[in-house]
Amino acid sequence: MWRCWRYDTRTTRGLAVFFATLGLTGLLEVGLVYMMTVQTHSNFGNILVRNVYTAPLVLYLIGGAIVVAGLVAATSYYMLRRQHNQLAKRLATISAGQYDAPILAKQAQASAVLGEDVAGMLEALRQKMIRLQREIERYSNTPVLVAGVTKEEILTQERHRLARELHDSVSQQLFAAMMMLSAVRSVMTAQDPDNAMLKQITTIEGVINEAQAEMRALLLHLRPTTLEGKTLKAGIIALLQELQTKIKIKITWELADVSLGAAIEDNLFRIVQELLSNTLRHAKAQSLEVYLKQIGNAVVLRVVDDGVGFEPENADTTGSYGLSNIRERAASLGGTAKVISFPNQGTSVEIRVPITKEVADD
């Protein structure tokens, strides 16, 4: 709807310019003819209907006015469209966090197309966004203390405590239940291979297997919670390799060495951790792909699976994929989270975090 409104606005302006130019040109032509009739003492009406070549003069006047008005309107429409496209491109680039993109560096071009006032406001907006991004990075790297202990340390300790309790209680009980069911199955199979209870035991084993997979995903989500001195690339690889030893799923990755602040790397690592946990718990995927690379002055993290997928607009209401937490983490870094998913066609989550030159150099 907005596109149609924008197109109609440009068309309306073009038509307004056309009719305004047509009227002015017509008045100018009529005025010139009238002045000629005054100087020659001729009849104004006779001059207008006098044949020039094969047509009356008035038709030439109308045709000339239409041609001039069409040229002016077309030129105006072209300039308006060019101005709009340039403004849209620059705003889209700023919105994507690409503050050092080549198009934004062309200040002379912006002034020529958009005018000095608009170009100046766009540049001021770009500089303000850069300053805000730096403030976000500084804030992200500043620990929040609670009673002398950082918030991250408190969360880390609590996560480890929960992971230990889950592993020592629920996980062990599930394992014991599976062992007992296997023993019962063996005895019943030996005594009566056609026993109808074997089918029910198989169903129960499947439920326990799913519960164990859910428990592994929860434990993965709870630990490890930090990079523990590793680089972001090394930490993600270690997490994926650990996952391969526990879950039967094909995992491929393509990770670049990126240099970021400690807080940014820790948040990106936790985003990966949460995405992996979501995939294991909900996606029922057979393969998983993880990509990390730097594009310009932005770091792009992408996790793709071939699972059951979902409707992105319903994910936040159901909470099944925890996308709100991922979006909040990305937003805390000044970045964005883009989710593409369709039922039975898998899911792709892309995190894009802009980085300033100061952080890149560090």
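Colleague: Which residue is the bridge partner of Leu 255 in strand 6?

Modeller: Leu 255 has Leu 292 as its bridge partner in strand 6. Strands here are DSSP runs of E of at least two residues, while helices are runs of H or I of at least four residues, both numbered from the N terminus. This is a predicted model, in which local features need pLDDT of at least 70 and side-chain atom pairs count only at pLDDT 80 or more, whereas totals for chains, interfaces and linings use all residues. Residues are numbered from 1 along each chain as its sequence is written, and side-chain values use heavy atoms, with hydrogens and water left out.

Colleague: How many bridges join strand 5 to strand 6, and do they run parallel or antiparallel?

Modeller: Strand 5 (residues 250-255) and strand 6 (residues 287-295) run parallel and are joined by 6 bridges; two strands count as paired if DSSP finds at least two bridges between them. Between them the chain passes through helix 10 (residues 262-283), and this β-α-β crossover is left-handed. The term right-handed would apply if, with the strands pointing away from the viewer, the path from the first strand over the helix to the second ran clockwise.

Colleague: And what joins strand 6 to strand 7?

Modeller: Strand 6 and strand 7 (residues 298-305) are antiparallel, with 8 bridges, and Tyr 291 stands opposite Arg 302. The two strands form a hairpin with 2 residues between them, and Gly 296 in the turn has a positive phi of about 65°.

Colleague: Changing topic, which residues have the most contacts inside the largest nonpolar core?

Modeller: Those are Ile 236, Leu 268 and Ile 351, in a core of 38 residues. Such a core is a set of buried Ala, Val, Leu, Ile, Met, Phe, Trp, Tyr and Cys residues joined through side-chain atoms within 4.5 Å, where buried means under 20% relative accessible area (1.4 Å probe, protein chains only). Helix 10 gives the most to this core, with 9 residues.

Colleague: What does Ile 236 touch?

Modeller: Leaving out residues up to four places away in sequence, Ile 236 touches Leu 255, Phe 269, Val 272, Val 290 and Leu 292, contact meaning heavy atoms within 4.5 Å.

Conventions
Buried means under 20% relative accessible area, exposed over 50%, partly exposed in between (1.4 Å probe, protein chains only).
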